[in-house]
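Welcome! Keep the structure open beside you and try each exercise before reading its solution.

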Amino acid sequence: MATDMVGEEKTVGFAKLKGKEFDFYIQKYTITLGRRSKSSNVDIALGDNMNLSRHHASIAYNFESGRWELVVHGKNGVTANEKFIAPGHEPHKLTSKERLQVGDVAFYFLLPPSNKIKLKTGGQSRPRPSGGESASKKVRIAA
């Protein structure tokens with residue numbers, strides 16, 4: 001779990017998105033990113049730029065592969081570590097410290113350093129969130 005101490009308050013999440021103007025702790029298995037809009041509900045509102053779709057992308061934990069994945073929905077795509085990912089492309093497997101850019105907003109996907117567990121079958125390790133699904137904090141980024 002990713003943790004940060006803010007004064008006396010401790011913030012916990014499966015992973016963290018860190019941008020220039022925001023920190024967002026992923027506290028559920030799927031989050032959505034997109035344009036701020038009265039008619040859409042996203043976890044991270046990336047501004048009101050019309051180059052962003054209302055539901056531009058999602059980040060979800062894939063229990064079969066044991067990985068976090070980025071799925072692009074918006075027509076203008078997402079850049080991940082300088083690689084353009086178009087809508088309709090297969091889910092992009094995220095790695096820790098990966099730089100993502102959606103429109104003009106850049107941020108990093110971060111996993112906690114000890115987010116691996118040993119499986120009883122074969123002793124392989126894979127990332128896996130712990131705990132149940134809970135509500136995440138809504139984040140808006142100033143345009």
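K18 stands opposite D23 in β4. Strands here are DSSP runs of E with at least two residues, numbered from the N terminus. This is a predicted model, in which local features need pLDDT of at least 70 and side-chain atom pairs count only at pLDDT 80 or more, while totals for chains, interfaces and linings use all residues. Residues are numbered from 1 along each chain as its sequence is written, and side-chain values use heavy atoms, with hydrogens and water left out.

## Exercise 1: the hairpin

Solution. 
- Step 1. The pairing of β3 with β4 is antiparallel and runs over 4 bridges; two strands count as paired if DSSP finds at least two bridges between them.
- Step 2. With 3 residues between them, β3 and β4 form a hairpin.
- Step 3. A network of salt bridges links K16, K18 and D23. A salt bridge is a side-chain nitrogen of Lys or Arg within 4 Å of a carboxyl oxygen of Asp or Glu.

## Exercise 2: salt bridges across the chain

Solution. 
- Step 1. The count comes to 5 salt bridges.
- Step 2. One of them joins the side chains of D43 and K28, at 3.1 Å from N to O. D43 sits in the loop between β5 (30-34) and β6 (44-45), and K28 in the loop between β4 (23-26) and β5, so this pair ties together parts 15 residues apart in sequence. D43 and K28 are both buried; buried means under 20% relative accessible area, exposed over 50%, and partly exposed in between (1.4 Å probe, protein chains only).
- Step 3. Another salt bridge is formed by D48 and R36, whose closest N and O atoms are 3.5 Å apart. Because D48 lies in the loop between β6 and β7 (57-62) and R36 in the loop between β5 and β6, the pair ties together parts that are 12 residues apart in sequence. D48 is partly exposed at 44% relative accessibility, and R36 is partly exposed at 22%.
- Step 4. E82 forms a salt bridge with R99, with 4.0 Å between the closest N and O atoms. Distant parts of the chain are linked here: E82 is in the loop between β9 (78-80) and β10 (83-85), R99 is in strand β12, and they are 17 residues apart. E82 counts as exposed at 67% relative accessibility, whereas R99 is partly exposed at 27%.

## Exercise 3: the aromatic rings

Solution. 
- Step 1. The whole structure holds 7 aromatic pairs. Rings of Phe, Tyr and Trp (its six-membered ring) pair if their centres lie within 6.5 Å; planes under 30 degrees apart count as stacked, over 60 as edge-to-face and the rest as tilted.
- Step 2. The ring centres of F14 and Y29 are 5.1 Å apart and their planes lie at 5 degrees, so the pair is stacked. F14 lies in the loop between β2 (9-13) and β3, and Y29 in the loop between β4 and β5, so parts 15 residues apart in sequence are tied together. Both F14 and Y29 are buried.
- Step 3. F14 and W68 form a tilted pair, with 6.2 Å centre to centre and 35 degrees between the planes. Since W68 is in strand β8 and F14 in the loop between β2 and β3, the pair ties together parts that are 54 residues apart in sequence. W68 counts as buried at 1% relative accessibility.
- Step 4. F14, Y29, Y61, F63, W68 and F109 form one aromatic cluster.

## Exercise 4: the nonpolar core

Task: which residues of the largest nonpolar core touch the most other members?

Solution. 
- Step 1. A nonpolar core is a set of buried Ala, Val, Leu, Ile, Met, Phe, Trp, Tyr and Cys residues joined through side-chain atoms within 4.5 Å.
- Step 2. The largest nonpolar core has 27 residues, of which L17, I26, I59, L70 and F109 touch the most other members.
- Step 3. At least two residues of this core come from each of β3 (15-19), β4, β5, β7, β8 (67-72), β9, β12 and β13.

## Exercise 5: confidence

Task: where does pLDDT stay under 50?

Solution. 
- Step 1. pLDDT is the predictor's confidence in each residue, from 0 to 100. The mean for the protein chain is 82, and 72% of its residues reach 70 or more.
- Step 2. Residues 130-136 stay under 50. Where pLDDT is low, the predicted coordinates should not be read in detail.

Methods: Contact = heavy atoms within 4.5 Å.
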